[in-house]
Amino acid sequence: MTFKVQTLNSISSKGLDRLPRDKYEIASELSTPDAIILRSHNMHDMAIPDTVRAIGRAGAGVNNIPVPDMTKRGVAVFNAPGANANAVKELVLSGLLLSSRNLMSAWRYVEELTSTGEELKKEVEAGKKRFKGVELPGRTLGVAGLGAIGVQVANAARDLGMSVLGFDPGITVNNAWRLHANVSQALSVDELLSRSDFVSLHVPLVDDTRGLIDAKRLKLMRKNAVLLNFSRAEIVDEDAVLGALESGRLHYYVCDFPSEKLRGHPSVITLPHLGASTDEAEDNSAMMIADQLRDYLEVGNIRNSVNFPEAIMPPTANAHRIVVVNHNVPNMVGQISSTLARHELNIADLLNKSKGEIAYTLVDVDSEAPEAVLDELKAIEGVLCVRYLGAVGSEAA
Ligand SMILES: NC(=O)C1=CN([C@@H]2O[C@H](COP(=O)(O)OP(=O)(O)OC[C@H]3O[C@@H](n4cnc5c(N)ncnc54)[C@H](O)[C@@H]3O)[C@@H](O)[C@H]2O)C=CC1
Ligand SMILES: O=C(O)C(=O)COP(=O)(O)O
């Protein structure tokens, strides 16, 4: 079996090399891809071919992918949670220091000095008082979103001596375990904003978080606070931020998403979406997504899908694997197994998992499944996709 994988962004070769070329054709232009790998390319406006079975985001945010449409079509969407978290954390720490010590304004001041020799030294000493900053220990950082990135940011800030407050109503048990014991819990975004000197946003862009930081919420922030946004532009109302900068409520807005309005503002530090742009993060994300896609395409296993359930079934030796994706409604497993029974296919192992609208079944049968069985499975009402993977256990056996 061979697979076609289309890349919509430049993807680290360390990742693509995990898809062996005797089994995988990889290209940026393909008319009938089985899978797509991308970073921030916007898929919302593109026609996604019917042949696509899986989409892999070599990174964290999936707001550039039409996930609900893909779910309806039975296409699994994967991301690489945590693979770029350290890179983002380091940039957030840079943002904290750039703002707490007024480094961008200070750097600009020096760049614009034209004097030389003793005169330059005098100007430097005279001008530096304009850029007096504050130290981080004792200041409070509020972290909204304690996922892969938020936890690392919170822990690193603790290590720098900051007091840290966190807010995340959906924190996972794993992330709660990873969080420094001295991070305090805020019970709402409002509480987080009102008790912090620096606030860093690490929530995904979804309907609930669009415009999360608006004019009303900015008014809750402490005077001269700093807002850091390395999540997504749309989580913050830009006009409201510009207003808060004018009124002195905000001292700086540090963000990874430039816009015409923000660019050039003396109290905005904006970077060109650099959060995940390190060798390490690009390699990690690409390797993780390539491994997950390969396991899905070849074996049917699902790890880190945002719309499909986690599903891992070790291949049964000498068996033949069928994958069924269907609507999460009653009696689907019954219909699948009775179809197999009608064709005298004995089930060696079966796994059925569901998540939201999607149910997913892996079946290992003792003998080869003829085309007619697959056609009958496809014809069951509610079935979105059937794939026959064949003897996946033979290599493992
Ligand atoms: N600037 C950049 O280059 C990068 C930006 N990102 C952005 O950062 C976001 C977070 O990334 P990860 O930490 O890896 O994701 P994650 O999924 O591990 O963590 C997100 C956390 O936010 C929480 N959350 C959701 N809604 C919330 C709300 N209303 N209030 C508080 N918490 C809420 C979730 O429960 C979850 O724990 C991504 O979705 C992406 O948009 C991620 C990587 C690089
Ligand atoms: O992983 C994410 O969510 C990011 O924002 C990183 O985007 P990128 O892969 O650098 O285009």
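The shell around ligand 2 divides into two nonpolar, six polar and one charged residue; here Ala, Val, Leu, Ile, Met, Phe, Trp, Tyr, Cys and Pro count as nonpolar, Asp, Glu, Lys and Arg as charged, and the others, Gly among them, as polar. Its members are R39, S40, G59, A60, G61, N84, G275, A276 and S277, where a residue is near a molecule if its C-beta atom, placed from the backbone, lies within 6 Å of it. This is a predicted model, in which local features need pLDDT of at least 70, side-chain atom pairs count only at pLDDT 80 or more, and totals for chains, interfaces and linings use all residues. Residues are numbered from 1 along each chain as its sequence is written, while chains are lettered from A and ligands numbered from 1 in the order in which they are written.

One open sheet has five strands in the order β2-β1-β3-β4-β5, with parallel pairing. Strands are DSSP runs of E with at least two residues, helices are runs of H or I with at least four, and both are numbered from the N terminus; two strands pair if DSSP finds at least two bridges between them. β2 (24-27) and β5 (76-78) each have a single partner strand, so one side of each lacks a neighbour in the sheet. Within this sheet, β1 (residues 3-7) and β3 (residues 35-38) pair over three bridges, and Q6 has I36 as its bridge partner in β3.

A second open sheet, also parallel, has seven strands in the order β8-β7-β6-β9-β10-β11-β12. Its edges are β8 (184-185) and β12 (268-270).
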